[in-house]
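Let's take a walk through this protein model, one piece at a time. Have a look at the picture before reading on.

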Amino acid sequence: MTRRTKPNGAGMGAVLFLVATLLFAAGASRLSLGVASAVAAEDTQPAPPHATAEMPDGGALFEALRAREARIVEQEQALEDRAKAIRNAEENLRAQLAELQAAESRLAATLTQTESAAENDLIRLTTVFEHMKPPQAAKLFSTMETEFAAGFIARLNPQFAGEVMAQLDPTLAYGISAVLAGRHARTPRD
């Protein structure tokens with residue numbers, strides 16, 4: 001009995017080689033078709049813009065930047081000038097305000113002095129009237145205007161004022177009494 005032996009891998013290797021060759025041929029044909037269509041499509045597309053399209057001139061750009069910087073410097077200077085003017089105006093206003101406050105203080109002192117001098121004069125004059133005899137004072141009060149006389153009568157010692165009023169003409173005494181009574185009529189009660 002003789003056995004026939006086949007080599008184990010020899011027939012299989014040839015089949016595999018044949019399949020690989022067919023696959024390679026199919027891939028190559030597909031690749032060549034894709035390349036051909038890509039080349040055909042490339043011919044129909046417009047050319048891309050050149051990377052060296054017109055760029056602004058470096059010198060012109062530099063000049064534009066320099067001009068802009070000059071404008072900015074000019075604006076900064078104008079703002080600085082305005083700030084300086086505002087600071088000067090504020091200083092002038094402070095000085096004027098200090099002068100006004102000093103003038104106001106002087107005026108208040110003068111008014112206080114004037115008021116106290118006027119009050120001192122009224123006190124002195126009232127004292128003079130009180131040292132007169134009632135008939136002499138009444139004669140003097142009868143020559144005064146009613147409101148003015150009422151002001152002094154109000155300042156006199158009440159007993160002396162009563163004696164003077166008794167010596168006055170009844171019409172004048174009534175007028176002085178009416179002025180004295182109505183002095184505080186308009187003052188709020190509550």
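## The overall layout

In what order do the elements of the chain run from the N terminus on? They go α-α-α-α-α-α, and the chain has six helices and zero strands. Helices (H or I, at least four residues) and strands (E, at least two) are DSSP runs, numbered from the N terminus.

Before going further, note that this is a predicted model, where local features need pLDDT of at least 70 and side-chain atom pairs count only at pLDDT 80 or more, while totals for chains, interfaces and linings use all residues. Residues are numbered from 1 along each chain as its sequence is written, and side-chain values use heavy atoms, with hydrogens and water left out.

Of the chain's 190 residues, 12% count as buried (under 20% relative accessible area; exposed is over 50% and partly exposed is in between, with a 1.4 Å probe and protein chains only). Take the contacts (heavy atoms within 4.5 Å) with a separation of 6 or more: 67% of them come from residues 24 or more positions apart.

## Where H3 meets H5

Helix H3 (residues 134-141) packs against helix H5 (residues 158-167) at an angle of about 65 degrees, and their axes are 8 Å apart. Here, axes are lines fitted to C-alpha atoms, for helices over the stretch in contact, and angles run from 0 to 180 degrees between N-to-C directions. On the H3 side, the contact is made by Pro134, Pro135, Ala137, Ala138 and Phe141; H5 brings in Phe160, Glu163, Val164 and Gln167.

Which residues of H3 are buried? They are Pro134, Ala137, Ala138 and Phe141. They sit on the same side of H3 because they cover an arc of only 100 degrees around the axis (taken from the directions from the helix axis to the C-beta atoms). These buried residues pack against helix H2 (58-130), helix H4 (146-155), H5 and helix H6 (170-182).

H6 has 13 residues. Its buried residues are Leu172, Ala173, Gly175 and Ile176. Their arc around the axis is only 160 degrees, so they are on the same side of H6. They pack against H3, H4 and H5. Over on the other side of H6, you'll find Pro170, Thr171, Tyr174 and Ala181 exposed.

## A spot in H2

Finally, look for Thr126 in helix H2. Why does Thr126 count as buried? Because its relative accessibility is 5%. Leaving out residues up to four places away in sequence, Thr126 touches Phe152, Arg155 and Leu156.

How values were computed:
Expected span 1.5 Å × (residues − 1).
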